[in-house]
Amino acid sequence: PSYVKPLARPKSKIVGFLISFEAEEFGEVFEIRQGRFIFTSRPIEHGDFILVDDDSISPMHAVIRATADGKIQILDQLSEHGTAVLRAN
């Protein structure tokens, strides 16, 4: 899958990292910054989003919210294939 965050707003505090092993054998790293991001398979006009080019991702798949104190919440948006968070050991 390919990921895009096209909006160029001032950077906020980094609160974590998302690492995907789908496209890259050794992982592809994405910064999780304070704020709200939408995981989607189609570009949206408003808000920050991560575009995922993968048939298993719904147009409005999930929302990730990250607070300044490092709390991260992922909310599935009734996606067709569900949303899961796996922690690497």
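**A chat about a seven-strand model**

Visitor: Let's start with Leu78: buried or exposed?
Guide: Leu78 is exposed, because its relative accessible area is 83%. Exposed means over 50%, buried under 20%, and partly exposed in between (1.4 Å probe, protein chains only).

Visitor: What am I looking at, by the way?
Guide: It's a predicted model, where local features need pLDDT of at least 70 and side-chain atom pairs pLDDT 80 or more, while totals for chains, interfaces and linings use all residues. Residues are numbered from 1 along each chain as its sequence is written, and side-chain values use heavy atoms, without hydrogens and water.

Visitor: Back to Leu78, then. Where is it?
Guide: You'll find Leu78 in the segment after strand 7.

Visitor: And what's its phi like?
Guide: Leu78 has a positive phi of about 60°, even though it isn't a glycine. Most residues other than glycine have a negative phi.

Visitor: How many helices and strands does the protein have?
Guide: Zero helices and seven strands. Going along from the N terminus, the elements read β-β-β-β-β-β-β. Strands here are DSSP runs of E with at least two residues, helices runs of H or I with at least four, numbered from the N terminus.

Visitor: Which way do strand 6 and strand 7 pair?
Guide: Antiparallel, over five bridges: strand 6 covers residues 62-66 and strand 7 covers residues 72-76. Two strands pair if DSSP finds at least two bridges between them.

Visitor: Which residue is the bridge partner of Ile64?
Guide: That's Ile74, over in strand 7.

Visitor: What's in the hairpin between those strands?
Guide: Five residues sit between strand 6 and strand 7, and Gly70 in this hairpin takes a positive phi near 90°.

Visitor: New topic. How many salt bridges are there?
Guide: Two. To count, a side-chain nitrogen of Lys or Arg must be within 4 Å of a carboxyl oxygen of Asp or Glu. One joins Asp69 and Lys71, with their closest N and O atoms 3.9 Å apart.

Visitor: Are Asp69 and Lys71 buried or exposed?
Guide: Asp69 is exposed, since its relative accessible area is 55%. Lys71 is exposed too, at 57%.

Visitor: And what does Glu31 form a salt bridge with?
Guide: With Arg33, and there the closest N and O atoms are 2.8 Å apart. Glu31 counts as partly exposed because its relative accessibility is 39%. Arg33, on the other hand, is buried, with a relative accessible area of 14%.

Visitor: How much of the protein is buried?
Guide: Of its 89 residues, 26% count as buried. Thr40 is one of the buried ones, because its relative accessible area is 0%.

Visitor: Where's Thr40?
Guide: In strand 4, which spans residues 35-40.

Visitor: What does Thr40 touch?
Guide: Leaving out residues up to four places away in sequence, Thr40 touches Phe49, Ile50, Leu51, Val52, Ile57, Ser58, Pro59 and Met60. A contact means heavy atoms within 4.5 Å.

Visitor: Which backbone oxygen does the Thr40 side chain reach?
Guide: The one of Pro59, at 2.2 Å. Besides that, a polar atom of the Thr40 side chain lies 2.8 Å from the backbone oxygen of Arg42.

Visitor: Last one: what share of the contacts links residues 24 or more positions apart?
Guide: Such pairs account for 35% of the contacts in the protein with a separation of 6 or more.

How values were computed
A polar contact is a pair of N or O atoms within 3.5 Å; within protein, one must be able to donate a hydrogen and the other to accept it, and residues adjacent in sequence count only if both atoms are side-chain atoms.
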